[in-house]
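This briefing accompanies the structure shown below. Please keep the view open while reading the points that follow.

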Amino acid sequence: MRWGYDDGMDLAARLIELLGATRVHTHPIDRLIYAKDSGVSSGDPAIVVLPETTEEVAAIVRMAAGADMPIVARGAGTGLAGGAVPASGSVLVVLTRMNAIYDVDEIGRTAWVGPGVINLDLSDALVDQDLHFAPDPSSQQSSTIGGNVGTNAGGPHCLAEGSTIAHVLGVEIVTVDGDIMVLGGAAPDPPGYDLRGLIVGSEGTLGIVTRVLVRLTENPPDVVTMLISFDGIGDAARTVSDIIGSGLVPAALEMMDGPMIEAVENFVHAGLPVGAGAVLLAEVVGHPAGIAAEADLIREIAVANAATDIRTATDEDERALLWKGRKSAFGAVAQAAPDYYLNDTVVPRTRFVEVLDEICAIADRYDLRLLNVFHAGDGNFHPLISFDASEQGMSEKVVAASHEMVHAAIAAGGTLSGEHGIGIEKRDLMSRVFSVDDLDAQARVREAFDPEGLLNPGKILPEGSRCFDRPAT
Amino acid sequence: MTTLRSVTRELFERMRDETVEIDAEFVVAPSSLEEAAAVLAAASAAAIPVSFYGAGTRRDDGGTAPADVVVTSNRLNRIVDWKPDDLTVTVEAGVAIETLESEIVARRQTAVLPETAVGATIGGVIAAGISGYRRLRYGPTRDRVLQVRVATGYGKVVSGGSPVVKSSTGYGLPRLFTGSLGSLGMIGTVTLKLWSQPLTAATVEIGDAAAALQGIYRPLAVLETSEGSFVYLGGAESQIASQVRRVGGDPHPGLIWPEPITGPLRIEFRVSAPFVPAAIERAKHLGASRWIAEHGIGRVEAGLDDVDAEDFAAARTWAESTGGVLVVTADAGTGIDRWGTPPASIEIQRRIKAVFDPAGICNPGIMPGGM
């Protein structure tokens, strides 16, 4: 056994000495609060700590590693793949108090921020500078920048801007040894290996991110936002394929199917076309002269694919309302049924229509209620199964159907996750997209940072990824 | 060498590459990444240094590592799978960037590879981690490498990343290999994200590059060079006309890039964007005959005939004090340390090197800190 009750208690006392009793929790109720993220798995941390400085994080890591206890970092817990679920008996480091924004450089368009800064708060704080942080996951009102870094989060506007990785220039990390170091920086192409590029999306398994140097994006001079309705989901999907095939990459190209439209409209009353088979939310940004032509091209393609209605937002309020409809989708579903299971896979955009058909057929075959909302422009599906877990055998059925959906995406040349990460949920599916040698290389990379495997154990890589047949040298 | 000689004679004779003039015991051109992995496995077992060769355009980066075996990408030269409707392409390392760009321009697409790296291969550009000037608009090369297939130093074929435009699936090996200068193994195949070319483009000579960058929305590039300052614009004609009115100057149709920096000694300041004007002054002070500065990016490349060691050291100290670096990309035999102070993460970097190249045979010493 790696840690014992006595060790745990001793460590807690020392952590209280470091942080004070209000920032160290060991009571079962407190531990229960932090047992889950927004996915389906749960764990039981031994101790929950809330540091406020990098030095505190370093001290915590040294103490926990010294006691051979697993260390799990967590932000707001909005992740859906179990990446922030604490390993049993772990020290859970909650980073939400490290939420300062400092060193905003308006000329260089960068800022250093704490990992606990809430995504939307960052963009809100930059309104006067006419800048924003481009990644905008639907959770952006509550998810943190540190969490976004952990999962390489996406969001609707990553279609044109790229995921979190393209907007993180540097990170300050605490290593498993308790060392503090900066990887990357505001200067381009730092010599050496791009360790920053490894940290982003590593779900807290390589180090704990204590500060983030973000790249800021200038607000566009003009925006056109359109809500396009279709009778059939196939028409909407073909419109997406044709837009990307034309070479136009809109700022965002989102899709909702009929059941999702109905659920969302009942929830937010955004004036969505209840009864339509599908809607596309398309947005183009940029110079007014350029985007007028782009918006016309999108309308033309939509009409050629039997669009039944095209609504263009006439002002910022209407635009905000349309986006509220899209970003409230998961909340809306949560209200409509006791449980939901949300998947996250990506396929080449040329295979979008056929994989969507297959996903719908799988749900039919399992007799499950399927609602679709997705980042269509990226080929990033979010099929969402709404169900009641108290029904006998239902959870197993949902997981089985979800796995079939993932397999359909992989068979079409796709991948496991576009933006939620692997966490626990998809860990055991990794061998579907990576060979034994691929997984071994990833396990070696992890070992280079964390030889003992103390940082967020049991995430991303399936057990036994590491091969021990290193060739003799 | 005796072991390798006999092993190579038997196993790798048919890979022998007679077309490349390199001073090495063996020059081999594998026809597949599996063959490259076999060479690396044998070299690892015999502890024989290996280097990699694309088109030889960036042989100076990081210094030329001594190698008995050179693996070329001459026979890895296929465009494997271009998906124009997905805006992605999968391509082998030995394809020349002009070959790829001239093929995909048929659908008005671009891989946004370096505009003036004439003759360079895809594998070379990615291994060197270099980006084109249009990174201001489209981001650096490393953000477009979606998937890599590599032969590791320990002789296995490994894939990392995903062949789709968005992924959060496993560790970011594509970014790790981008800029690794062949020190971890050989890049064999990559999947790249593509962009559409703008409908029209123009080059505008301007007076004040820094002001232009702040005054217009998302130009393709803003360069200040020893020959003048230029803004590069793309988009619909009316959009370009309106942007030109904002910055002033006469637009020339198309993108007219500066001649690449040559010269026996080439250096690069890489500083955060606000330090570009100061870096230009430093380059001039060092005696740069030509220079190209990327506003909004922070790279200032300069060509020199020679340099005073003390002046260079002072310039490097300044660059590092701003959080940047001053690196030498061609050293003209001056023997100046190419990288400067190793990064804070050097110990982890060494462990990463050891992961992929446990025998230390891949371009030994080419990375910072003598890795």
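Strand β8 (residues 168-174) of chain A is joined to β9(A) by 5 bridges, and the two strands run antiparallel. The model is predicted, and the mean pLDDT of chain A is 93, with 97% of its residues reaching 70 or more.

- Strands β8 and β9 belong to an open sheet of 5 strands in chain A, with the order β5-β6-β10-β8-β9 and antiparallel pairing.
- The edges of this sheet are β5 (101-105) and β9 (180-184) of chain A; each has a single partner strand, so one side of each is left without a neighbour in the sheet.
- On average, neighbouring strands of the sheet are turned by 15° against each other, direction ignored.
- Helix α3 (residues 54-66) of chain A lies across β8, β9 and β10 (208-215) of chain A, and runs at about 50° to β8(A).

- Over residues 1-5 of chain A, pLDDT stays under 50.
- For this stretch the model has 10 contacts beyond four places in sequence.

**The sheet of chain B**

- Chain B contains an open sheet of 8 strands, in which the pairing is antiparallel and the order is β14-β11-β13-β12-β16-β17-β15-β18.
- At the edges stand β14 (251-253) and β18 (325-331) of chain B, each with a single partner strand, so one side of each is left without a neighbour in the sheet.
- Neighbouring strands here are turned by 20° against each other on average, direction ignored.
- Strand β12 (residues 221-225) and strand β16 (residues 290-294) of chain B run antiparallel and are joined by 3 bridges.
- One residue of this pairing is L223(B), whose bridge partner in β16(B) is E294(B).
- Helix α9 (residues 276-285) of chain B packs on the sheet and touches β12, β15 (265-270), β16 and β17 (299-304) of chain B; the helix direction makes about 170° with that of β16(B).
- Helix α10 (residues 309-321) of chain B also packs on the sheet, where it touches β15 and β18 of chain B, and its direction makes about 135° with that of β18(B).

**The domains of chain B**

- The domain assignment divides chain B into domain 1 (2-74), domain 2 (79-196), domain 3 (200-253) and domain 4 (265-331).
- Between domain 3 and domain 4 of chain B, the C-alpha centres lie 24 Å apart.
- Domain 3 of chain B gives 9 residues to the contact, and domain 4 of chain B gives 9 residues.
- About 760 Å² is buried between domain 3 and domain 4 of chain B, and carbon and sulfur atoms give 56% of this area.
- The count of salt bridges between domain 3 and domain 4 of chain B is 1.
- R290(B) and E227(B) form a salt bridge, in which the closest N and O atoms are 3.0 Å apart.

**The interface of chain A and chain B**

- The contact involves 86 residues from chain A and 78 residues from chain B.
- The area buried between the two chains is about 6400 Å², and carbon and sulfur atoms give 59% of it.
- D189(A), P191(A) and Y193(A) supply 13% of the area that chain A buries against chain B, more than any other three residues.
- The rule finds 6 salt bridges across the interface of chain A and chain B.
- A salt bridge joins the side chains of R349(A) and D86(B), at 2.9 Å from N to O.

Key: Residues are numbered from 1 along each chain as its sequence is written. Chains are lettered from A and ligands numbered from 1 in the order in which they are written. This is a predicted model: local features need pLDDT of at least 70, side-chain atom pairs count only at pLDDT 80 or more; totals for chains, interfaces and linings use all residues. Side-chain values use heavy atoms; hydrogens and water are left out. pLDDT is the predictor's confidence in each residue, from 0 to 100. Contact means heavy atoms within 4.5 Å. Two strands pair if DSSP finds at least two bridges between them. Helices (H or I, at least four residues) and strands (E, at least two) are DSSP runs, numbered from the N terminus. Axes are lines fitted to C-alpha atoms, for helices over the stretch in contact, and angles run from 0 to 180 degrees between N-to-C directions. Domain bounds come from an automatic or database domain assignment. Buried area is the accessible area (1.4 Å probe) that two parts lose on being put together, summed over both. A salt bridge is a side-chain nitrogen of Lys or Arg within 4 Å of a carboxyl oxygen of Asp or Glu.
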